[in-house]
Amino acid sequence: MVQVSENIVIDLTKCLANVGEKVPFGGDFVLGGDLLSYPDATLEKVSVSFDVTFLNPDVLVEGTVQCFLKGKCDRCQENVEKSVTLPFRQIFCKDFAPEDGYAYMASRLDATKAVQDEIVLGLPTLFLCDDNCKGLCPECGADLNKGDCGCEKNRENVFSVLKNLKF
């Protein structure tokens, strides 16, 4: 079942009737809010693929959250489109949420907040075009991924004075 929505709401009717049985749930979502710490990137879409299991009285939701991101690399400023897949495993308690958890009411489970929290905590701190991105030269601004710029690299390390400290 594929849907496009702002809220990730799971109908538990089928789950509640079958204790211990995994029921699949999936869809595409456009989540609002400012979830990313990246200054030049946006979260275009989120796709979830879950197995939902009623454990009586709790509900286990596990699977993956796939984030589709678009923006500029934090190091070299190249345009980037990429997807990041995050594992998801959360137990939802009936009627009330523990201090560090989530709840569901009746036969409706809203997983939006749990997925948003997973995105905030699970995405890398930098939005990079590649894990090995070299960025821009601090002297001339050339993209170092495309080759050496020729600037002099013999600058003294500002921390080199620390090697002479005696304790």
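This is a predicted model: local features need pLDDT of at least 70, side-chain atom pairs count only at pLDDT 80 or more; totals for chains, interfaces and linings use all residues.

**Salt bridges, pair by pair**

Tutor: The side chain of Lys 146 meets that of Glu 78 in a salt bridge, 3.8 Å from N to O. This pair links distant parts of the chain, with Glu 78 in the loop between β5 and β6 and Lys 146 in the segment after α2, 68 residues apart. Glu 78 itself is partly exposed, with a relative accessible area of 34%.

Because Glu 62 belongs to strand β5 (residues 59-72) and Arg 89 to strand β6 (residues 79-94), the pair ties together parts that are 27 residues apart in sequence. Glu 62 counts as partly exposed at 22% relative accessibility, just as the cut-off for buried is under 20%. Arg 89, with a relative accessible area of 55%, is exposed.

Now to Lys 45, which forms a salt bridge with Asp 28; their closest N and O atoms are 3.9 Å apart. Here, too, distant parts of the chain are linked: Lys 45 lies in strand β4 (residues 41-54) and Asp 28 in strand β3 (residues 22-29), 17 residues apart. Lys 45 is partly exposed, at 32% relative accessibility.

These pairs are among the five salt bridges that the structure holds.

Notes. Residues are numbered from 1 along each chain as its sequence is written. Side-chain values use heavy atoms; hydrogens and water are left out. A salt bridge is a side-chain nitrogen of Lys or Arg within 4 Å of a carboxyl oxygen of Asp or Glu. Helices (H or I, at least four residues) and strands (E, at least two) are DSSP runs, numbered from the N terminus. Buried means under 20% relative accessible area, exposed over 50%, partly exposed in between (1.4 Å probe, protein chains only).
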